[in-house]
Amino acid sequence: MPVMRMGTMIMLIMITRTTVTVIITMITITTTTIITAMTTITMIMPRMTMDTITTITTTSIATIQTITTATSMLMTTNEPASAGDLAEREAAALYRLMTWLSPAFPVGGFSYSSGIEWAVEAGDITDIATLADWLEAMLADGSGFCDATFLVHAYRATEAGEEAALSDIAELAAAFVPSRERQLETTSQGRAFVDIARAAWDADGLDALVAACRAPLVYPVAVGVVAAMHGVPLAPTLHAFLHALVSNWISAASRLIPLGQTDSQRVLVKLEAKVAATANRALNATLDDLGSATFRADLASLRHETQYTRLFRS
């Protein structure tokens, strides 16, 4: 019987923090295929490294070659990483970010609807689909994108210690608000955010920066300034801010349409990709890119001022 040439393949897959090592040895002899598979799954914690990999080749039968791979590495248990395994600074930044943009942080966001109350009364918003369309436009082409851009530039000016630039940004952000009630909404939340952060999470130099601004800090500028002063990274700050903004809009709509809790979550899911896209766009935007095309939403915030029956302040 002719002897077929033996084929051997070894595949090694390694991933950094959680390392999965898969070794597959395939041995082919004449018309019979023998597959030997060995799978080793090893959890490698941060800062742990692999020592050595030793390959030993032996021959047990004249026509069969056996390849044995011995791997020496640092072994750990299968328990998940604890908080102590995270970098101390990253853990502190995450904790503060989740606190500041939580609904429990007392900036009074629950009392504002950003004009959604009028849109519901006018019949523009009636269900999940119309709400999602309305919020998507506000997020990508209206106040959502503008607020995100102001947050980014306020953060960078604060990080660079440019008080004059920060003052100009704060003044422009205050002027961009389209109605009196929206002005009340964003300046009240901005003032509350700074006051509470200063009282509970104070940072050296925060008072001086706030005092250097000629205009009151609107909400996105206040978030950008405080986050930069505490060293919280910009990208997660921006994503968390937009998530909190959209969540507050949905919370107001759920009380006005009304909308159930599950349907509210469905709207949040629909907006997930748009939140990420708006954040990425704002990270690369200049102040010259600012602009709004949500005329109906701006009109809603204006007309809400004279709405007869109101639950919200905007």
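**Pockets, a cavity and helix contacts**

Mentor: We start with the second largest pocket, which holds about 170 Å³ of space. The structure is a predicted model, in which local features need pLDDT of at least 70 and side-chain atom pairs count only at pLDDT 80 or more, while totals for chains, interfaces and linings use all residues. Residues are numbered from 1 along each chain as its sequence is written, and side-chain values use heavy atoms, with hydrogens and water left out.

Trainee: What makes a space a pocket, and what makes a residue part of its lining?

Mentor: On a 1 Å grid over the protein atoms alone, a pocket is an open set of points with protein on both sides within 12 Å along at least five of seven lines, and a lining residue has an atom within 4 Å of a point. By that rule 15 residues line the second largest pocket, and Ser-143, Cys-146, Phe-176, Val-177 and Pro-178 lie nearest its centre.

Trainee: Which helix gives the largest share of the lining of the second largest pocket?

Mentor: Helix 4 does, with four residues; helices (H or I, at least four residues) are DSSP runs numbered from the N terminus. Helix 4 and helix 6 each supply at least two lining residues.

Trainee: How is the lining of the second largest pocket divided by class?

Mentor: It has seven nonpolar, five polar and three charged residues. Ala, Val, Leu, Ile, Met, Phe, Trp, Tyr, Cys and Pro count as nonpolar, Asp, Glu, Lys and Arg as charged, and the others, Gly among them, as polar.

Trainee: How much space lies in the largest pocket, and which residues are closest to its centre?

Mentor: The largest pocket holds about 630 Å³. It is lined by 33 residues, and Pro-103, Ala-244, Ser-247, Asn-248 and Ser-251 are the closest to its centre. Helix 9 (234-256) gives the largest share of this lining, ten residues. By class, the lining has 15 nonpolar, 15 polar and three charged residues.

Trainee: What makes a space a cavity, and how many cavities of 30 Å³ or more are there?

Mentor: A cavity is a set of grid points where a 1.4 Å probe fits but cannot get out. The count of those of 30 Å³ or more is one. The volume, about 80 Å³ for the largest cavity, is the space filled by probe spheres set on the points, which are joined across faces, edges and corners. Ser-114, Met-138, Ser-143, Pro-178, Arg-182, Thr-294, Ala-297, Asp-298 and Ser-301 line the largest cavity. Helix 12 (residues 295-303) gives three of the lining residues, the largest share.

Trainee: At what angle do helix 4 and helix 5 cross, and what is their relative direction called?

Mentor: The axes of helix 4 (residues 143-160) and helix 5 (residues 163-175) come within 9 Å and cross at roughly 160°. Angles over 145 degrees count as roughly antiparallel, and therefore helix 4 is roughly antiparallel to helix 5. The axes are lines fitted to C-alpha atoms over the stretch in contact, and angles run from 0 to 180 degrees between N-to-C directions. Contact (heavy atoms within 4.5 Å) is made by Phe-150, His-153, Ala-154, Ala-157 and Thr-158 of helix 4 and Ala-165, Leu-166, Ile-169, Leu-172 and Ala-173 of helix 5. These residues divide into eight nonpolar, two polar and no charged.

Definitions and conventions
Parallel < 35°, antiparallel > 145°, perpendicular 65-115°, else oblique.
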